[in-house]
Amino acid sequence: MIGGDAPVDGADALPLLGYVPVLLPEQLGDPAFRTSHGVRYAYVVGAMANGITSEALVEAAARAGMLAFFGAAGLDPGRVEQAIDRLSANLGDKPFGFNLIHSPNEPDLEAAIVELYLRRRVRCVSASAYLGLTLPLVKYRLAGIHRDADGRVVIPNRVVAKVSRIEVARKFFSPPPVDMVRALVDAGALTAEQAELAAQVPVAEDLTAEADSGGHTDNRPALALIPTMLALRDEMQARHAYEVKLRVGAAGGIATPASAAAAFAMGAAYVLTGTVNQACVESGTSDAVRAMLADAEQADVMMAPAADMFEMGVKVQVLKRGTMFALRARKLYELYRAHGSIEALPALQRAMLERDYFRCTLEEAWLQTRDFFATRDPSQNERAERDPKHKLALVFRKYLGQSSNWANVGEPTRQADYQVWCGPAMGAFNEWTRGSSLAEPARREAVTVAHNLLVGAAALTRANWLRAQGVALPVDAATFAPREPEALAKLLRPAAEEAEVVR
Ligand SMILES: Cc1cc2nc3c(=O)[nH]c(=O)nc-3n(C[C@H](O)[C@H](O)[C@H](O)COP(=O)(O)O)c2cc1C
């Protein structure tokens, strides 16, 4: 309540200027999201490939009542299973999930990961990079669907889709396609009764609208994307009348209390962060990368060719400052477009690649690439032997793949080649945390970051409520500087103890 220093009633009373109720960080977002996933906060730590969203990061988030997705993309099923072993042992029945990434170049890998998740009862996945639905994804979603004693449809496996295009979102908010359901019945993966129930559920109940972000991104502005996705949610809910109502969360650029508050104010059921978590001590990257990220400003990012969908011209958003990766990767894509084989590369260009990029001859690079695919996906080698342009693509993709590994392990001789996925969120985060303990890479703990974003979002939301009542706030009441964990702990008390008067 705002009324100056005098009592609010009696002879000396001041006029009431505004009223703002308590808003706790755990009240932000959609309560149904929190209940459905068994989390305290409507806050999700997004998957980051190659275990950058590491076991340690998932554990920290889960223990703090947040949902985190292990970064399974780019890892083989054996490594992913190790993560399942550790997380199930350490987290018990606390909620957590795994990434299920669409792999158009490696459909067998996507199918193998789904079989692993089904066998190990992984109950929640973040489905990403899908342009259309695939049979393994639908199989995952529908496995175990049944009616309970009260006749309600129960579906054990949850899919949180991550999407930046409306036409893809529509597929996730629809029931699974009839032809895929039929194929699963024919393959013995579903019974006829289960197939009937499939028509009553969406492929995903939760859908993250992914705006301009680190990694794969369509660079959509959040302010335009979120309302569009929310309108689609309402249209699809009205059309299908699902028992569990559809939800839309927001990702991309969330790195400050103001951006989190804005996403919630627009109606996001939850917020999902990526880039800022890579900068945290628990992430599976190196200290060298964490130091580079701490120096980034908002314009220090650019789009560069992606290793996984290189030939299709797909790009990812990466860090530009302190590494030449983006420029080098663009050069590789130009050469790939212009030439049909390794042998057709101009001599000068070839010499430059061998000296600066590969540090070996392209023939040697091909032999290493062939060895890699011999175990991972031998069909790639067979195709490369028939098609010299495919061989060129595989060798170039090898550089792109290695550049991520060099960054993750902090290979000191390869800093100029580090591929670090990063969005403009990093610059915004650095700007906000400047001068605070969170400016130091060693003090960036993912849960402290998340608590600051949520407590700050709640504070700024309340400040906005006052502003809307015409109350002029001093600058320090309308901003939220990062707090240390001890100070935050005081602001994270249970609701009953939190009631406070804002003066
Ligand atoms: C280093 C890095 C790796 C990522 N890898 C994946 C991935 O493997 N799968 C995925 O679904 N999203 C991936 N993402 C996207 C994040 O999960 C998240 O959606 C995104 O970073 C949110 O936007 P922000 O970067 O602005 O926070 C990655 C992002 C980063 C920064």
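This is a predicted model: local features need pLDDT of at least 70, side-chain atom pairs count only at pLDDT 80 or more; totals for chains, interfaces and linings use all residues.
A residue counts as buried if 20 or more other C-beta atoms lie within 10 Å of its own, as exposed if 12 or fewer do, and as partly exposed in between. Serine 36 has 18 C-beta neighbours inside 10 Å, so it counts as partly exposed. Its place is in helix H1, which covers residues 31-37. Along the chain, serine 36 and methionine 312 are 276 residues apart, and their C-alpha atoms are separated by 38 Å.

Asparagine 50 sits in the loop between E1 and H2. Its count is 20 C-beta neighbours inside 10 Å, so asparagine 50 is buried. The backbone here is worth a look too: phi of asparagine 50 is near 55°, a positive value in a residue other than glycine. Asparagine 219 also has a positive phi near 55°, again in a residue other than glycine. This asparagine belongs to the loop between strand E9 (215-216) and helix H9 (222-240). With 14 other C-beta atoms within 10 Å, asparagine 219 is partly exposed.

Leucine 75 is found in the loop between E2 and H3. Its 19 C-beta neighbours inside 10 Å make leucine 75 partly exposed, because the cut-off for buried is 20 or more. Leaving aside residues up to four places away in sequence, leucine 75 touches Asn50, Gly51 and Val80. Glutamate 59 is 16 residues from leucine 75 along the chain, and the two C-alpha atoms are separated by 19 Å.

Helix H2 runs over residues 55-63, and its buried residues are Glu55, Leu57, Val58, Ala60, Ala61 and Ala62. What lies over them? The cover on the buried residues of H2 includes strand E1 (43-45), strand E2 (67-70), helix H3 (77-91), H11 and H19. After H2 comes glycine 65, with a positive phi near 80°.

Helix H18, residues 425-433, is mostly covered, with 8 of its 9 residues buried. These buried residues are Ala425, Met426, Gly427, Ala428, Phe429, Asn430, Trp432 and Thr433. They pack against H10, H11 and helix H12 (287-294). Just after H18, glycine 435 has a positive phi of about 85°.

Two helix pairs show how such elements can be arranged. The crossing of H10 past H19 is right-handed. On the H10 side, the contact is made by Pro257, Ala258, Ala260, Ala261, Phe264 and Ala265, while H19 brings Leu453, Leu454, Gly456, Ala457, Ala459, Leu460 and Thr461. Sorted by class, the contact of H10 with H19 has 11 nonpolar, 2 polar and no charged residues.

In the other pair, helix H4 (residues 107-119) and helix H5 (residues 135-142) pack at an angle of about 10°, with their axes 9 Å apart. Angles under 35 degrees count as roughly parallel, so that is the label for H4 and H5. From H4, the residues Glu110, Ala111, Val114, Tyr117 and Leu118 meet Pro136, Lys139 and Tyr140 in H5. By class, the contact of H4 with H5 holds 6 nonpolar, no polar and 2 charged residues.

How many residues surround the ligand? There are 29, and the closest are Gly46, Ser128, Ser213, Gly214 and Gly274. Strand E3 (97-101), strand E4 (124-128), strand E11 (271-273) and helix H11 (275-278) each provide at least two residues of this shell. By class, the shell around the ligand is made up of 12 nonpolar, 15 polar and 2 charged residues.

Methods
Residues are numbered from 1 along each chain as its sequence is written. A residue is near a molecule or strand if its C-beta atom, placed from the backbone, lies within 6 Å of it. Helices (H or I, at least four residues) and strands (E, at least two) are DSSP runs, numbered from the N terminus. Ala, Val, Leu, Ile, Met, Phe, Trp, Tyr, Cys and Pro count as nonpolar, Asp, Glu, Lys and Arg as charged, and the others, Gly among them, as polar. A crossing is left-handed if the near helix is turned anticlockwise from the far one by less than a right angle, and right-handed if clockwise. Two residues are in contact if their C-beta atoms, placed from the backbone, lie within 7 Å. Axes are lines fitted to C-alpha atoms, for helices over the stretch in contact, and angles run from 0 to 180 degrees between N-to-C directions. Angles under 35 degrees count as roughly parallel, over 145 as roughly antiparallel, 65 to 115 as roughly perpendicular and the rest as oblique.
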